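Please look through the structure shown here, following the chain from its overall make-up to a few individual residues.

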Amino acid sequence: MGICWEFKSNIVVLGDFNIDLLVNDRKKVSSLIGYEFISLINSFNLAAQITEPTRITSTSRTIVDNILTNINEWYFSTQVFETGLSDHAALLMMLQGVKVGKRVGKPKKRNFSSKTIGRAQ
């Protein structure tokens with residue numbers, strides 16, 4: 001991330017961070033680790049974009065999946081939606097008028113073959 005930040009690149013990082021960023025009634029992240037995570041991403045001039053729960057169970061509502069970016073909010077929109085494929089919601093980011101460059105790493109993918117699904121059951 002330091003390389004991207006050094007060259008003033010547009011940065012988008014998204015995924016399941018397993019850190020709840022849901023804010024409480026006082027508009028503050030309720031956990032110390034959430035506060036520290038926000039401080040860390042802010043040090044790279046990134047901001048968390050998701051404000052609604054991404055994982056809802058019978059006992060909790062959390063924002064553990066997020067999109068972090070340094071792109072101005074005028075150039076994108078985000079959406080959280082349920083797919084029924086997981087206990088997490090899907091995240092969508094639509095960019096408008098932003099130049100997209102080369103990837104800085106190999107993307108990680110999950111293998112949803114019948115063999116790997118069978119091992120999980």
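Which exposed residues does the face of H2 turned away from its buried side carry? They are Leu-32 and Tyr-35, where exposed means over 50% relative accessible area, buried under 20% and partly exposed in between, with a 1.4 Å probe and protein chains only.

This is a predicted model, in which local features need pLDDT of at least 70 and side-chain atom pairs count only at pLDDT 80 or more, while totals for chains, interfaces and linings use all residues. Residues are numbered from 1 along each chain as its sequence is written, and side-chain values use heavy atoms, with hydrogens and water left out.

The chain contains three helices and seven strands, these being DSSP runs numbered from the N terminus (H or I of at least four residues for helices, E of at least two for strands). Along the sequence they follow the pattern α-β-α-β-β-β-β-β-β-α. Of the chain's 121 residues, 24% count as buried. Among the contacts (heavy atoms within 4.5 Å) with a separation of 6 or more, 50% are accounted for by residues 24 or more positions apart.

Helix H2, residues 32-43, has twelve residues and reaches 17 Å from its first C-alpha to its last, close to the 16 Å expected at 1.5 Å a residue, the expected span being 1.5 Å times one less than the number of residues. Within H2, Gly-34, Phe-37 and Ile-41 are buried. They lie on the same side of H2 because they cover an arc of only 60° around the axis, as judged from the directions from the helix axis to the C-beta atoms. In general, an α-helix has 3.6 residues a turn, so residues three or four places apart point the same way. The cover over the buried residues of H2 includes S2 and strand S5 (65-69). Just after H2, Asn-45 takes a positive phi of about 60°.

Two loop residues can be set side by side. Thr-54, in the loop between strand S2 (47-48) and strand S3 (55-56), is buried, with a relative accessible area of 1%. Leaving aside residues up to four places away in sequence, the residues that Thr-54 touches include Ile-63, Val-80, His-88 and Leu-91.

Asn-72, in the loop between S5 and strand S6 (76-81), is instead partly exposed, with a relative accessible area of 40%. A polar atom of the Asn-72 side chain lies 2.8 Å from the backbone nitrogen of Trp-74. Asn-72 and Asn-10 are 62 residues apart along the chain, and their C-alpha atoms are separated by 9.4 Å.

Methods. A polar contact is a pair of N or O atoms within 3.5 Å; within protein, one must be able to donate a hydrogen and the other to accept it, and residues adjacent in sequence count only if both atoms are side-chain atoms.
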